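Please look over this model before reading on. The points below are meant for someone who has not seen it before.

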2 protein chains.
Amino acid sequence: MPKTAEPQGYSRRGFLTRVGATGGAGAMFATMGALGLAPSAEAHTKVPFQPPQQSDFRLRGRGAAKVLVLGAGVAGLAAAYELGKAGYDCTILEAQDRVGGRNRTLRGGDRLEEIGGATQRIGFSKDVYLNAGPARIAQWMTTMDYCRELGVPLEVFTNSNASAYIYNESAGMTAPVRWRTAKADVFGYISELLAKATDQGALDQRLTSTDKERLLSFLSGFGAIGNKAAGYAYTGTERRGYTVDPGAGDQVGTVLGPPPSLSEVFASGVGRSFSFEFGYSQAMLMFQPVGGMDAIPRALADALGKHKIRTGAKVTKITNLASGVKVEYVQHGRTRVVEADYCIATLPPQILAKIPHNLGASVQAALATPVPASTGKIGLEYGSRWWETDEDIYGGITNTDLDLSTIWYPSHGYGTRRGLVVGYYNFGAAANAYAALTHPERLARALDQGAKIHGPRYKTGITASASISWSRQEHIEGGWIGWPSRGAEYKLLNQPQGNVYYSGDWLSYEIAWQHGSFESARKVVTELHQRVLKG
Amino acid sequence: MPKTAEPQGYSRRGFLTRVGATGGAGAMFATMGALGLAPSAEAHTKVPFQPPQQSDFRLRGRGAAKVLVLGAGVAGLAAAYELGKAGYDCTILEAQDRVGGRNRTLRGGDRLEEIGGATQRIGFSKDVYLNAGPARIAQWMTTMDYCRELGVPLEVFTNSNASAYIYNESAGMTAPVRWRTAKADVFGYISELLAKATDQGALDQRLTSTDKERLLSFLSGFGAIGNKAAGYAYTGTERRGYTVDPGAGDQVGTVLGPPPSLSEVFASGVGRSFSFEFGYSQAMLMFQPVGGMDAIPRALADALGKHKIRTGAKVTKITNLASGVKVEYVQHGRTRVVEADYCIATLPPQILAKIPHNLGASVQAALATPVPASTGKIGLEYGSRWWETDEDIYGGITNTDLDLSTIWYPSHGYGTRRGLVVGYYNFGAAANAYAALTHPERLARALDQGAKIHGPRYKTGITASASISWSRQEHIEGGWIGWPSRGAEYKLLNQPQGNVYYSGDWLSYEIAWQHGSFESARKVVTELHQRVLKG
């Protein structure tokens, strides 16, 4: 990819000419490839990765090394999986009795324990589950490639749905509004305002007369506003929705209206939610594995070989040696010691910071630098899918300023009998508030809040529920971490310390995404492999 | 549903108070129900429908009548299915050798014939199909309820994807731009413009100072623009996308940029495409039956009983009798006559207009009034899903001003080996132009056009293809119809003519949607049943 800024779209020819003039045919070809014009073009934007291969060792007189991986989360599994392709002898030590780390899917029959001893026995029905950790994958993410490679079937995860709601209680809203309605009103009024200002010449310094004409034409369609004679006024549109749908014969449909005033719409703050779906990591389409997110760690573990994973193995000491690494761990009440050439530590930094090591004070300070973030979810299984049958909401997310933050409707099992609503997915103070409660208290609080959106029915027909507080999960103690700044500490842990490497989403620019874990694993695998090849 | 305009959202309490004051407790309760507040609330907006039941005839001394249904498209199947619930003796006459009408899914092994004799033998692989007719369902549509009732599994159909492209050649664009990039730029510049105008006081007549403050706050997030000191300038954002994705270590990602100028963005016309996804019928989420849209007519036919459907039966005469109806048809080369109490004619009006009848000149004139619309599609099966692996496009639609109009990427089979791209789905003059070509010519033309978006690779690796021109389909002769106006002719055909009823999407306000067919069938079934009950 050329370093030159690449104005994708709009004007390819001019750009290619410029590149051709300054960079020669090679640069031009590379650019054409990036744009999808060259025969072997690849328009995607992935960071390149070449998995280690057995053949890499040919002619070099070296063999694959022995590697200890700490943690069977996504980063650890991916590192061992990739190294395994070249014959590395990997062993994963995992404190829990399962793989996946924060990638956990709760199903009927599961036990969910919290620090402090509270235990939930999950009573979800067959085919009902809660992705307690990661729950969505953007289509550009490396996670998609692993699903393809591992044969994990995907389906759409609905991150945006025009029929879901926005509800900002603190802004004075006393009823939820559907996304479609909020967008129609906000886009209607901003189009009206900008059309008025443009027409009145307020922007003549910035706009040519041709710009103005094109802008007014755009605003007319974008806002569904009146014409000049009508003062460009926004007065509502079928985009708001209907109270009675269009049907047959004389049933033209009754458009929901009239819209609230401009002041009411801006006071409601509904527009605050809009930019969420423009984010590179949150824009639709998004995906989820069919049947639960834990299909990913399970597929990685299967591909890697389960015999390489020691569960129930809690690491208690990491010692860097002159020519290797020694790790102590406790399994079934016994302390064991294992040695290897290298170690890849993928535990959360707040957990690593508690494990004695000999890597020095700066490493210890670096591990203690990131700040764990609190987050939690509750899953509410209902015996009917009332959000579909009664409210025409087939997946998606309701955004609120309540302490439940968001309500998620299921992105699978449409039209079936049961389903699971995520009754809260929240962060920070709100997550801490729920974390401090027992599960029944969390449930009651979530229902009280959610009933503000969906009415009293929200509290009835619940057949099972489960809640997770990630800060209260042993061996994890947080949903993810934040770096106060990506300074020297971030750099330090992104380098090997002796024979110890660190890896995880917390060492990437996509924290809290499996993509970050995969990318970090690939980076460390590449570095470790190159080191081994060099000898 | 109260006739009162219903300002859903923003301010429920005030509205309820108003209703309570003027309409009494009953009106207030009904309104609360409509808002989802009452215990048995249903917030959906469906036109009410009560299917006929056997028990309706109790105490009335009447029995279900005999009904001939002309056409086994969605309207005909639905009418017979609903009447069957009450024991009506329905027979469907269908000219083709299959059910579904325009709801047709093309698969490997199918033959597709056109008026004029051209025949395609479809060579698609297993699990690869083309929904030649309807291909998407909005979540509010009655079609969703039939899928639930009939047990037709649904999955998301992707109508909007941030990673798909927009390409307006006639506007001078020389390269496609991704939807995410186009939105970032258009929303960025309109936010900049409106923020400037607002800040400069150009809108002070329309906005209070509080409005202005809130609007500027909204625009800051919506457009990702600079602050006041920066002149509210839009200079690009990660929302545009990346040339190198964010990854691990120091891979912060390379944002795609810089954006083209404001004039270039408006000149490109990309914003013209945006309002499509705000439409009540086109807004995400949308759905498709798993495995092909024809799951719906097949499920209807199964539920109804296939013995009630006579295929290969071309209607040649419709005679209204004093106490019933007589229909002549040709089947296996033989003319047959069948009589019944009532007839429901669901054939397209342009087909019905060619069938002799005794219903009078005004009916004939009415049948000849709607104007058939031309539309067509081509399905391109590729041996690899390059749009996923190389361009990170997992479903969705690319919009163009080329004569291919749109390119659709498949909404199922993600990550598998093969897949089918809809190479054009066009209308009017463009559809007519392709209709006039042989299939190989259509293919060549579609590939020439599509290569402008995807480069030369678009022309390689195609393992099978099929194209349909709905105006060249016998017994159908058009994708749908348009009413020059819904005047006396529309009203006339929406009433029974003697014992003959008409039904179809063409007699609804959702033409070209299965919803319109279902709603029309429900309307006619209700009217016919009420008439029979009255005797």
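Numbered notes follow, from the conventions to the chains and then their elements.

1. Conventions. This is a predicted model, in which local features need pLDDT of at least 70 and side-chain atom pairs count only at pLDDT 80 or more, while totals for chains, interfaces and linings use all residues. Residues are numbered from 1 along each chain as its sequence is written, chains are lettered from A and ligands numbered from 1 in the order in which they are written, and side-chain values use heavy atoms, with hydrogens and water left out.

2. The interface. Of the interface residues of chain B, 98% are also interface residues in chain A, so the copies meet through the same surface. Contact means heavy atoms within 4.5 Å.

3. Domains of chain A. The assignment gives domain 1 (54-97 + 311-370 + 483-534), domain 2 (105-140 + 154-163 + 373-472) and domain 3 (169-271). The bounds come from an automatic or database domain assignment. Taken over C-alpha atoms, the centres of domain 1 and domain 2 of chain A are 33 Å apart.

4. Helix 3 of chain A. Helices (H or I, at least four residues) and strands (E, at least two) are DSSP runs, numbered from the N terminus. Buried means under 20% relative accessible area, with a 1.4 Å probe and protein chains only. Among the buried residues are D145(A), Y146(A) and C147(A). The partners of the buried residues include helix 2 (74-84), helix 7 (295-304) and helix 14 (514-534) of chain A. After helix 3 of chain A comes G151(A), with a positive phi near 75°.

5. Helix 14 of chain B. Which span should its 21 residues have? At 1.5 Å a residue (times one less than the number of residues), the answer is 30 Å, and the end C-alpha atoms are 30 Å apart, which agrees. In helix 14 of chain B, 16 of the 21 residues are buried. G535(B) follows, and its phi is positive, near 75°.

6. Strand 23 of chain B. In this strand (residues 419-427), 8 of the 9 residues are buried, so it is largely enclosed by the rest of the structure. Strand 20 (residues 375-382) of chain B runs antiparallel to strand 23 of chain B, joined by 8 bridges. T375(B) stands opposite F427(B).

Key: Buried means under 20% relative accessible area, exposed over 50%, partly exposed in between (1.4 Å probe, protein chains only). Two strands pair if DSSP finds at least two bridges between them.
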